[in-house]
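Work through the exercises below with the structure open. Each task is followed by a solution in steps.

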Amino acid sequence: MSGHSKWANIKHKKEKTDAARGKIFTKIGKEITIAVKEGGGDPASNSKLRDLIQKAKANNVPNDNIERCIKKALGGTSENYEEVSYEGYGPAGIAVIVTATTDNRNRTAGNVRAYFSKYHGNLGQTGCVGYLFTDVGEIVINNEDGDVDEDKLMETALEAGASDFKADGEVFVVTTEPDDVYAIQDAIKEAGYEILSAEKTKQASNYVTLESEEDIKFMNLLIEKLEEDDDVMDVYHNWENCDD
């Protein structure tokens, strides 16, 4: 992972999120609908819903919107969403995983396949790249002013149960078990640190650098078009983008 700036990708993703706030609301709403239909509307007994409420709040979704979405799902909304994932290869064999929430599998699969094909990649079979990624929790702490005591923060994170800790430019990145991410986030926040993001994500075991300008151009376009699709929730890849 030498030279790979995880924060560059996080920052890029955050900027995309900020620019499309309404779309993020809609996407999280779909996930909440699925969670409520599967496990009920009480976050105390529905851990998936509890995590999604945390995710929604982390993305500044208003509490009223969250409550309205839960009530709508409990009321038997006719919208039937399901979660699907796709695996494939971007330009020069970059590994890509796409997760989506859809009410029409054929539409979503067709769109995702078309993006891969148009931007010099190809959709693969389930499992073709999944083994290259591990599910983790990831918390990013602000250190833009450089005044955070690294040793104290690391001690706080590790005592809360974090599995890894590293400095990455203007931030610190804490890695956790997926189900522990929000509890550890709360512990770090209560200790007085500024959390920039906290989420369940996928971490690649190795990263690949693209040398060709054409490959870089089409990889950027592939990620952009996938993220713009209303059905797509997240895009994971092992591209080491040195230009971010």
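**Exercise 1.** Find which backbone nitrogen a side-chain oxygen of asparagine 104 reaches at the start of α5.

Solution. The model is predicted: local features need pLDDT of at least 70, side-chain atom pairs count only at pLDDT 80 or more, and totals for chains, interfaces and linings use all residues. Residues are numbered from 1 along each chain as its sequence is written, and side-chain values use heavy atoms, with hydrogens and water left out.

**Exercise 2.** Compare the span of α5 with the expected one, then sort its residues into buried and exposed.

Solution. Step 1: α5 has 14 residues and reaches 20 Å from its first C-alpha to its last, close to the expected 20 Å; the expected span is 1.5 Å times one less than the number of residues. Step 2: Thr108, Ala109, Val112, Tyr115 and Phe116 are buried (under 20% relative accessible area; exposed is over 50%, partly exposed in between, with a 1.4 Å probe and protein chains only). Step 3: these residues lie on the same side of α5 because they cover an arc of only 130 degrees around the axis, taken from the directions from the helix axis to the C-beta atoms. Step 4: on the other side of α5, Asn106, Ser117 and Lys118 are exposed. Step 5: the cover over the buried residues of α5 includes β1, β2, β3 and α8. Step 6: just after α5, histidine 120 has a positive phi of about 65 degrees.

**Exercise 3.** Describe the largest nonpolar core and the contacts of methionine 219.

Solution. Step 1: a nonpolar core is a set of buried Ala, Val, Leu, Ile, Met, Phe, Trp, Tyr and Cys residues joined through side-chain atoms within 4.5 Å. The largest has 21 residues, and Met219 and Leu226 have the most contacts inside it. Step 3: leaving aside neighbours within four places in sequence, methionine 219 is in contact (heavy atoms within 4.5 Å) with residues including Val96, Leu210 and His237.

Methods:
Helices (H or I, at least four residues) and strands (E, at least two) are DSSP runs, numbered from the N terminus. A polar contact is a pair of N or O atoms within 3.5 Å; within protein, one must be able to donate a hydrogen and the other to accept it, and residues adjacent in sequence count only if both atoms are side-chain atoms.
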